[in-house]
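Subject: Structure handover and findings

Hello,

Here is the structure for you to take over. Please load it first, then read my notes below.

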Amino acid sequence: QPSSLPAPLLCKIVIIMSSATPLTKALIYGGKTGWIGGKMAELLKESNVEVVLAEARIENRADVAKELDDVKPSHVFMAAGITGRPNIDWCEDHKPDTIRTNVIGTLNLADLTNERGIHCTIYATGCIFKYDEAHPLGSGIGFTEEDTPNFDESFYSQTKGYMEPMLKCYPNCMTLRVRMPISDDLSHRNFITKIVKYERVVNIPNSMTVLYEMLPASLGMAKKGLTGVYNFCNPGVISHNECLDLYTKYIDSTYTYKNFTLEEQSKVLKAGRSNNELDATKLLKDMPEDIKINDIKTAVELCMQRMQKNLTEEFGPLPDSLPKEVRKN
């Protein structure tokens, strides 16, 4: 265990709320400008849930407390946080800003919702692990929800690693470990869109989260009153090359890419990048029965098929109609 990470806290509260509160009114932090928060707002509205997009900044405790008391939500969805622009390297040079939001802000929300008995879903990250001797690359042995974070090569991941053991102390919180989120559009936050623009990519199998399938799952989990930590990824792993091959198949037949090694990648990045497989056993066991989650390779292929349809409707015949920023040739 890296010395910079905290020792595991004694507090390990993982509870299914004995009587789940009906989901009638949702307050979303990160819903106004955030990617996942915005998608959750749309989903909740489609489910006929009253949605309020939070105005308070999560680092301002008094403002959050007042907002919770004024809105009186049945559930809170926390999708606010700093990932940096254009990427997590930003956090290396903005550590106080990163702590203020990712640590202080998240704890404010967990603590204040707990005081009021409000269920709080936190969209966190699974980028707090890296393959090791006990979880070798290609072994199919994934990190579980009980494993202690072993990746601290980026300050962003360090802050997320600090948070997990503390969030386990709040019996009202459900912490979802999202990884390399994928959507069926060209959002700059979409993992596929990101790597399409790179000159070279590493080729490592990873756990990933297809939002089309997983965000409705998080809604079902919140309705069920689940709490504690969950590996929030489609089961299995998929590599960068497999993702890009599907992009080539469905979106841009002219697209080409080149690989480079982790050692070569480290020379162009300020911070390290997490690569891991997360075990989906607990997630699948506790998932509401009416929710279906595909394995990651099936989920990404279906996502590319939806993206093909969406982009053709938006821009016209592919690939010639694609925006210039995603065309290499």
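The notes below run from the overall fold to single residues.

This is a predicted model: local features need pLDDT of at least 70, side-chain atom pairs count only at pLDDT 80 or more, and totals for chains, interfaces and linings use all residues. Residues are numbered from 1 along each chain as its sequence is written, and side-chain values use heavy atoms, with hydrogens and water left out.

Overall

The protein has 11 helices and 8 strands. These are DSSP runs numbered from the N terminus: helices are H or I with at least four residues, strands are E with at least two. Of the 329 residues, 53% count as buried. Buried means under 20% relative accessible area, exposed means over 50%, and partly exposed is in between (1.4 Å probe, protein chains only). Take contacts between residues at least 6 apart in sequence: 81% of them join residues at least 24 apart. Contact means heavy atoms within 4.5 Å.

Aromatic rings

A search of the whole structure finds 3 aromatic pairs. Rings of Phe, Tyr and Trp (its six-membered ring) pair if their centres lie within 6.5 Å; planes under 30 degrees apart count as stacked, over 60 as edge-to-face and the rest as tilted. Phe 129 and Phe 143 are stacked, at 4.5 Å centre to centre and 25° between the planes. Both lie in the loop between β4 (119-125) and α5 (155-167), so the pair ties together parts that are 14 residues apart in sequence. Phe 129 and Phe 143 are buried.

How are Tyr 247 and Tyr 255 arranged? Their ring centres are 5.5 Å apart and their planes stand at 80°, so this pair is edge-to-face. Tyr 247 is buried, at 1% relative accessibility. Tyr 255 is buried too, at 4%. Tyr 247, Tyr 255 and Tyr 257 form one aromatic cluster.

Two charges sit over rings. Lys 282 lies over the face of Tyr 230, 4.4 Å from the ring centre. Arg 306 lies over the face of Tyr 212, 3.6 Å from the ring centre. The test is NZ of Lys or CZ of Arg within 6 Å of the ring centre and within 35 degrees of the ring normal.

Helix α2

Which residues of α2 (residues 61-71) are buried? They are Val 64, Ala 65, Glu 67, Leu 68 and Val 71. The face turned away from the buried side carries the exposed residues Ala 62, Lys 66 and Asp 70. Cover for the buried residues of α2 includes β1 (25-29), β2 (50-53), β3 (75-78) and α4 (95-115). Just after α2, Lys 72 takes a positive phi of about 55°.

The cavity

The search finds 1 cavity of 30 Å³ or more. The largest cavity has a volume of about 80 Å³. A cavity is a set of points, on a 1 Å grid over the protein atoms alone, where a 1.4 Å probe fits but cannot get out; lining residues have an atom within 4 Å of a point. Grid points are joined across faces, edges and corners, and the volume is the space filled by probe spheres set on the points. The lining includes Asn 102, Thr 106, Ile 122, Lys 160, Met 163 and Thr 175. The elements giving two or more residues to it are α4, β4 and α5. α5 gives the most, with 4 residues.

Thr 159 is found in α5 and is buried, at 0% relative accessibility. Leaving aside neighbours within four places in sequence, Thr 159 is in contact with Thr 98, Ile 99, Asn 102 and Val 103.

Met 78 lies in β3 and is buried, at 2% relative accessibility. Not counting residues up to four places away in sequence, Met 78 touches Tyr 29, Ile 58, Leu 109 and Cys 120, among others. Met 78 and Thr 175 are 97 residues apart in sequence and 9.6 Å apart in space, C-alpha to C-alpha.

Backbone points to check

A cis peptide bond joins Leu 318 and Pro 319, with omega about 0°. Pro 319 lies in the segment after α11 (296-315). Asn 48 has a positive phi, near 60°. Asn 48 sits in the loop between α1 (35-46) and β2, and is exposed at 72%.

Best regards

Key. On a 1 Å grid over the protein atoms alone, a cavity is a set of points where a 1.4 Å probe fits but cannot get out, and a pocket is an open set with protein on both sides within 12 Å along at least five of seven lines; lining residues have an atom within 4 Å of a point.
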